[in-house]
Amino acid sequence: MKHEFSVVELAFVVKELQALVGARINKVSQYSDKYLAFECFKSRQGRFFVNVCRPGLLWLGQTKYASGDGGFYKTLSRQLVGGKILAISQIGSERIVCFDVKVGDSTFTVYIELFNKGQVMLCNSDGKILSLWETQLWKDRELKVGAKYV
């Protein structure tokens with residue numbers, strides 16, 4: 001079974017995800033330490049689920065798995081539920097997908113990294129990490145709450 005996308009495969013997935021631009025986020029679910037789902041609704045198209053499987057899979061589907069425990073999804077729910085997806089993009093030739101979401105007067109970006117251990121981060125409009133699936137520290141890069149995402 002395949003567990004990661006190539007950059008080219010991810011570009012096709014991002015193209016498919018464009019159907020969600022303008023959709024509302026209804027719910028965020030985490031059903032294990034590896035799976036996360038964003039339930040979205042778009043008028044005249046219905047309900048869709050953006051599923052993330054760590055370390056490297058992302059897909060759009062009509063179904064999701066049952067909800068489970070985990071603290072990260074609660075933070076995402078508090079910040080994103082009711083928000084409108086403004087844009088979905090891939091960063092250059094990286095395996096990183098960005099969701100720009102507007103909630104009230106605030107705009108957030110959800111970064112989904114589909115390489116190494118995999119990562120999902122919620123950032124404010126200044127690029128500051130507000131919440132993330134797992135803190136990760138390397139010699140030349142830190143992914144932790146309060147750091148600027150680069």
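The radius of gyration here is taken over C-alpha atoms, and the globule rule is 2.2 Å times the number of residues to the power 0.38. For 150 residues a compact globule would come out near 15 Å, and the chain has 14 Å, which agrees. Along its principal axes the C-alpha trace spans about 50 × 40 × 30 Å.

Some ground rules. This is a predicted model, in which local features need pLDDT of at least 70 and side-chain atom pairs count only at pLDDT 80 or more, while totals for chains, interfaces and linings use all residues. Residues are numbered from 1 along each chain as its sequence is written, and side-chain values use heavy atoms, with hydrogens and water left out.

Next, the overall numbers. The chain exposes about 7900 Å², of which carbon and sulfur atoms supply 52%; areas come from the Shrake-Rupley method with a 1.4 Å probe, and for residues only the protein chains shown count as cover. Of the 150 residues, 47% count as buried, where buried means under 20% relative accessible area, exposed over 50%, and partly exposed in between, again with a 1.4 Å probe and protein chains only. Contact means heavy atoms within 4.5 Å. Among contacts between residues at least 6 apart in sequence, 42% join residues at least 24 apart.

Now the secondary structure. There are two helices and 11 strands; these are DSSP runs numbered from the N terminus, helices being H or I of at least four residues and strands E of at least two. The order along the sequence is α-β-β-β-β-α-β-β-β-β-β-β-β.

Two strands pair if DSSP finds at least two bridges between them. β5, residues 84–90, pairs with β6, residues 96–103, in the antiparallel sense over six bridges. Within that pairing, S89 has C98 of β6 as its bridge partner. The two strands make a hairpin with five residues between them, and G92 in the turn has a positive phi of about 45°. On to β7, residues 106–113: this strand pairs with β6, also antiparallel, over eight bridges. There V101 is bridged to F108 of β7. Two residues separate the strands of this second hairpin, and G104 takes a positive phi near 60°.

Which residues have the most contacts inside the largest nonpolar core? They are L20, L36, F38, L58 and F99, in a core of 35 residues. By nonpolar core I mean a set of buried Ala, Val, Leu, Ile, Met, Phe, Trp, Tyr and Cys residues joined through side-chain atoms within 4.5 Å. Neighbours within four places aside, F99 is in contact with L17, V50, I85, A87, I88, F108, T109, V110 and I112. A second, separate core has nine residues, including Y111, L132, L143 and Y149.

L20 sits in the loop between α1 (7–17) and β1. L20 counts as buried because its relative accessible area is 1%. With neighbours up to four places away set aside, the contacts of L20 are C40, F48, V50, L60, I85 and I88. Q45 is 25 residues from L20 along the chain, with 9.3 Å between the C-alpha atoms.

V28 lies in β1, residues 24–30, and is likewise buried, at 1% relative accessible area. Residues up to four places away not counted, V28 touches L36, A37, F38, Y73, L76, S77 and V81. V28 and M121 are 93 residues apart in sequence, with a C-alpha to C-alpha distance of 13 Å.

Y73, L76 and S77 bring us to helix α2, residues 72–80, where the buried residues are F72, Y73, T75, L76, S77 and L80. On the spacing: an α-helix has 3.6 residues a turn, so residues three or four places apart point the same way. The cover over the buried residues of α2 includes β1, β2 (35–42), β6, β7, β8 (119–123) and β9 (129–132). Just after the helix, G82 takes a positive phi of about 95°.

Last, the cysteines. C53 counts as buried because its relative accessibility is 7%.
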